[in-house]
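Please read them alongside the sequence and the coordinates.

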Amino acid sequence: MSLLSIVLPAYNEEQNIANTSKVLGELLEQHGIDYELVFISDGSKDGTFERIKEESAKNPRVRGAEFSRNFGKEAGIFAGLELTTGDAVIVMDCDLQHPPEVIPQMWEKWQQGAEIVEGIKADRGKESLGYKLSAGLFYKIMSKLIKMDMNASSDFKLLDRKVVQVLLELPERNTFFRALTFWAGFRTETVEYEVQERKYGQSKWSFWSLMKYAITNATSFSTLPLQLVTIMGGVSILFSVILAIQTLVRYLMGTAVEGFTTVILLILIIGGFIMLSLGVIGHYIARIYEEVKGRPKYIISHVTENVPGTAVGSWKREHRES
């Protein structure tokens, strides 16, 4: 029988661990799907990992690991992929805002030959207007940058084992899981779902964290922002040429006036372009710096007792080689 692995990154989700484990376990057993649940505590400051260990003691199909500190959701996803052993892997939120009821549909599409099953948001649920607008802007920007339609996409998706191996073999440290599955190709199907309300706790995402996430992923996945620097330089030169022609014409016509205000505005505009350009270039230099250092995506400090020795050896080897 094929095995389904479910990766569940968690940050300060101690209230959700037991409920998530129970709901998923009952659903999968009801549909006769052999499974394993892999929780990753992303440097949680509460008792998240303690709850994971408790669930692992009660159910051998529940496994988990804890990071030495908070490395971010992307690291949590890839650590979970590294620890899975299933023929297919689903990545979903630990708070069950990704509805478990959709999992059997994903599993069925995978059995029919799909290698990636994308969860597409039909409804974003009860979110603030500001959050919806910022999220919509983020996806539009990312769709333009990577030249793929990412509107309504999410981290909720099923991957065949071959796709998981492709992602794990990528040498880059700064990853964007949601876009990498588009980039990888393979036969893809979709299922629609509605974002559910959290039963416990509050979302860890804020407007500023989402913006930081967007900037980091934009510069790690596309070179288009660098091309925008050239465009801004061209606009600045064009503006300067037009202003120079206007000034020369007025001078020849004898209507030239003192240009102190014009000079100040010109300096401010060009200075703004230069500083913005330096900021964009600085982001790319930072990405290069992080990649060249070759540090691991994450550091695992603890694992549950039922984590396979091969998986534990894998992350130990990576850390030793790094």
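**Notes on the predicted model**

1. Ile245 is found in helix H9, residues 224-252; helices (H or I, at least four residues) and strands (E, at least two) are DSSP runs, numbered from the N terminus. Ile245 belongs to a nonpolar surface patch with Ile237, Val241, Val249 and Met253, and together they have about 480 Å² of accessible area. Patches are made of residues with over 30% relative accessible area and no salt bridge, with like charges joined within 9 Å and nonpolar side chains (Val, Leu, Ile, Met, Phe, Trp, Tyr) within 5 Å. Accessible areas come from the Shrake-Rupley method with a 1.4 Å probe, and for residues only the protein chains shown count as cover.

2. On conventions: this is a predicted model, in which local features need pLDDT of at least 70 and side-chain atom pairs count only at pLDDT 80 or more, while totals for chains, interfaces and linings use all residues. Residues are numbered from 1 along each chain as its sequence is written, and side-chain values use heavy atoms, with hydrogens and water left out.

3. The structure holds 5 aromatic pairs; rings of Phe, Tyr and Trp (its six-membered ring) pair if their centres lie within 6.5 Å, and planes under 30 degrees apart count as stacked, over 60 as edge-to-face and the rest as tilted. Phe67 and Tyr298 are stacked, because their ring centres are 5.2 Å apart and their planes are at 10°. Phe67 lies in strand E3 (residues 62-67) and Tyr298 in the loop between helix H10 (260-293) and strand E8 (300-303), so the pair ties together parts that are 231 residues apart in sequence. Phe67 counts as buried at 2% relative accessibility, and Tyr298 counts as buried at 3%; buried means under 20% relative accessible area, exposed over 50%, partly exposed in between (1.4 Å probe, protein chains only). Ring pairs also link Phe71 with Phe67 and Tyr298 into a cluster.

4. Helix H3 is mostly covered, with 9 of its 11 residues buried. Among them are Glu74, Phe78 and Leu83. Phe78 has 2% relative accessibility, and Phe177 is buried at 0%.

5. A search of the whole structure finds 13 salt bridges, each a side-chain nitrogen of Lys or Arg within 4 Å of a carboxyl oxygen of Asp or Glu. In one of them, the side chains of Arg51 and Glu14 meet at 3.4 Å, N to O. This pair links helix H2 (residues 48-58), which holds Arg51, to helix H1 (residues 14-30), which holds Glu14, 37 residues apart. Arg51 is partly exposed at 26%, and Glu14 is partly exposed at 31%.

6. Lys58 forms a salt bridge with Glu55, with the closest N and O atoms 3.0 Å apart. Lys58 and Glu55 are separated by about one helical turn, because they are 3 residues apart in helix H2. Lys58 is exposed at 62% relative accessible area, whereas Glu55 is buried at 8%.

7. Which side chain meets Asp155 in a salt bridge? The partner is Arg178, at 3.1 Å, N to O. Salt bridges that share partners join Lys73, Asp93, Asp155 and Arg178 into one network. Asp155 and Arg178 are both buried.

8. His98 lies in the loop between strand E4 (88-91) and helix H4 (103-111), and counts as buried at 5% relative accessibility. Its side chain reaches the backbone nitrogen of Asp93 at 3.0 Å.

Definitions and conventions
A polar contact is a pair of N or O atoms within 3.5 Å; within protein, one must be able to donate a hydrogen and the other to accept it, and residues adjacent in sequence count only if both atoms are side-chain atoms.
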